[in-house]
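Hi everyone, thanks for coming.

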Amino acid sequence: MKLHILGCGDAFGSGGRNNSAYLVEAKDRLFLLDCGPTTLLAMKRAGFNPRRLDAIFLSHLHGDHCGGVPFFFLEYLYENPRDKPLHVAGPPGTEERVKGLFQFMFGDASDPKLPPTLFHVLEPERQETIEDIQVFPFRVPHQVRDVSLGLKVAYQGKELLYSGDSAWTDLFVTHSRGVDLFLCECCFFDRDTPNHMSYQRIQENLSRLKCKNLILTHMGEEMLARRESLRVKSAEDGMVIEI
Ligand SMILES: [Zn+2]
Ligand SMILES: [Zn+2]
């Protein structure tokens, strides 16, 4: 199984990086963790036919993580029709948000049509299996009212943990145990905020994380400025990681 980093940037375009999009390629499955506005173009640039996509899993409904879904709908309606439905799974409110966004962005072209799509609600702590891909969502501290999820994904014996956007929580210690890769957001260097993580906080907890591989992502400017001196691997757009 391979992870293609299509976008590891934040919401501010820091470092000129694409918005969040992590494409998992297994022998017979292709799925996305998050789908920021730049995802379709990054997927084509990486040489993938978007029609091959089986599912999109959304960690939360901020624009830099879900704003790319309407472009896929447009692609499937007018450019590259699908033979089978696309699964879109995310926190409560995903279907309304994504449909509303499509309508807002493309007006008449989106009304009342939608390509074949199956929506799924990911409820915290409730495991889902979609196209044989197992997803365990858990709530992480990022938003107050709306639900933000961390996602633990398993397929064909490989496990991947994705923090989504989140402040530090010991749940990452629990869920990182034994996973092949932990993709962990790291917006800041030493600033502690209630909704994002800092490198310092990750450093403090490094020995508690029992994952086989750790990669930092979603880095803001203060992290990017220090990326040569980091003691943990960090993501780059276009990077491909064997899981
Ligand atoms: Zn974000
Ligand atoms: Zn966010």
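This is a predicted model: local features need pLDDT of at least 70, side-chain atom pairs count only at pLDDT 80 or more; totals for chains, interfaces and linings use all residues.

The chain contains seven helices and 14 strands. If you follow the C-alpha trace along its principal axes, it spans about 50 × 35 × 35 Å. How does the radius of gyration fit with a compact globule? For 243 residues, such a globule would come out near 18 Å, and the chain has 17 Å, so the two agree. Of those 243 residues, 43% count as buried. Here is another overall number: take the contacts between residues at least 6 apart in sequence, and 61% of them join residues at least 24 apart.

Now, the sheets. One open sheet has seven strands, in the order β6-β5-β4-β3-β2-β1-β14, with mixed pairing. Its edges are β6, residues 117–121, and β14, residues 240–242; each has a single partner strand, so one side of each has no neighbour in the sheet. On average, and ignoring direction, neighbouring strands here are turned by 20° against each other.

Let's step through part of this sheet. Strand β2 covers residues 21–26 and β3 covers 29–33; they run antiparallel and are joined by five bridges. The link from β2 to β3 is a hairpin through two residues. If you want a spot to look at, find Tyr22, whose bridge partner in β3 is Leu33. From β3 we move across to β4, and these two strands run parallel, with three bridges between them. Here Phe31 has Ala55 as its bridge partner in β4. What kind of unit do β3, helix α1 and β4 make? Together they form a right-handed β-α-β unit, with α1 at residues 39–45.

In soluble globular proteins, nonpolar side chains tend to be buried together. The largest nonpolar core here has 61 residues, and those touching the most other members are Tyr22, Leu32, Ile56, Phe57, Leu160, Leu183 and Cys186. Helix α3, residues 69–79, gives this core its largest share, five residues. Let's come back to Phe57: setting aside neighbours within four places in sequence, its contacts are Phe31, Leu32, Leu33, Ala89, Val135 and Leu151.

Last stop: Asn195, in the loop between β11 and α6 (199–205). Why does Asn195 count as partly exposed? It has 14 other C-beta atoms within 10 Å, and partly exposed means between the limits of 12 or fewer for exposed and 20 or more for buried. Beyond neighbours within four places in sequence, Asn195 is in contact with Pro141, His142 and Ala167. Asn18, by comparison, sits 177 residues from Asn195 in sequence and 21 Å from it in space, C-alpha to C-alpha.

Terms used
Residues are numbered from 1 along each chain as its sequence is written. Chains are lettered from A and ligands numbered from 1 in the order in which they are written. Helices (H or I, at least four residues) and strands (E, at least two) are DSSP runs, numbered from the N terminus. The radius of gyration is taken over C-alpha atoms; the globule rule is 2.2 Å times the number of residues to the power 0.38. Two residues are in contact if their C-beta atoms, placed from the backbone, lie within 7 Å. A nonpolar core is a set of buried Ala, Val, Leu, Ile, Met, Phe, Trp, Tyr and Cys residues joined through C-beta atoms within 7 Å. Two strands pair if DSSP finds at least two bridges between them. Axes are lines fitted to C-alpha atoms, for helices over the stretch in contact, and angles run from 0 to 180 degrees between N-to-C directions. A crossover is right-handed if, with the strands pointing away from the viewer, the path from the first strand over the helix to the second runs clockwise.
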